[in-house]
Amino acid sequence: PAWKLGVRPGWVLTAVNGKELAMHSLEEIQQAMREAVVPCILDFDVPPKDKAEKQKQKEAAKPTTRESRERAETQRLQTLLRQLEEEDLLPATVFVFSRRRVESLGSDMPHLDLCTPAQKSK
């Protein structure tokens, strides 16, 4: 419920209906919340956003192009294949519903080799 109202992780509750709670224990804060007259006013200390987080939000707001989406998809697929290989879960089937995209994925991963030496010798 708090998330839907805009409260985010990392925020620190500092007051309920004007009653300062910054130096109180969790139990005292919970008691103050139970006793608060509804509707109540909650004050929060919101930590400043660091540069990396601001940049992430800026990137997320940028419109994506088909090329950037495909590049991200290729990277995710390569990561997945490496994880499957490390966990000895290959072979695996990946469904792609576009011939153009299959060819693009193949050309984007020329150095990805999932065959064992025994399989190569056949």
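In which helix is the place of glutamate 70? In this predicted model, where local features need pLDDT of at least 70, side-chain atom pairs count only at pLDDT 80 or more, and totals for chains, interfaces and linings use all residues, glutamate 70 lies in helix α3, residues 66-86. Residues are numbered from 1 along each chain as its sequence is written, and side-chain values use heavy atoms, with hydrogens and water left out. Helices (H or I, at least four residues) and strands (E, at least two) are DSSP runs, numbered from the N terminus.

Glutamate 70 has a relative accessibility of 16% and therefore counts as buried (buried means under 20% relative accessible area, exposed over 50%, and partly exposed in between, with a 1.4 Å probe and protein chains only). When residues up to four places away in sequence are not counted, glutamate 70 touches Arg100, Arg101 and Ser104, a contact meaning heavy atoms within 4.5 Å. The C-alpha atoms of glutamate 70 and serine 104 are separated by 8.9 Å, although these residues are 34 residues apart along the chain.

Two aromatic pairs are present in the structure (rings of Phe, Tyr and Trp, the last by its six-membered ring, pair if their centres lie within 6.5 Å; planes under 30 degrees apart count as stacked, over 60 as edge-to-face and the rest as tilted). The ring planes of tryptophan 11 and phenylalanine 44 stand at 55 degrees, with centres 5.6 Å apart, so this pair is tilted. This pair links distant parts of the chain, 33 residues apart, with tryptophan 11 in the segment before β1 (12-16) and phenylalanine 44 in strand β3 (residues 42-45). Tryptophan 11 is partly exposed at 30% relative accessibility, and phenylalanine 44 is partly exposed at 27% relative accessible area. Phenylalanine 95 and phenylalanine 97 form a stacked pair, with 6.4 Å from centre to centre and 10 degrees between the planes, and both phenylalanine 95 and phenylalanine 97 are exposed.
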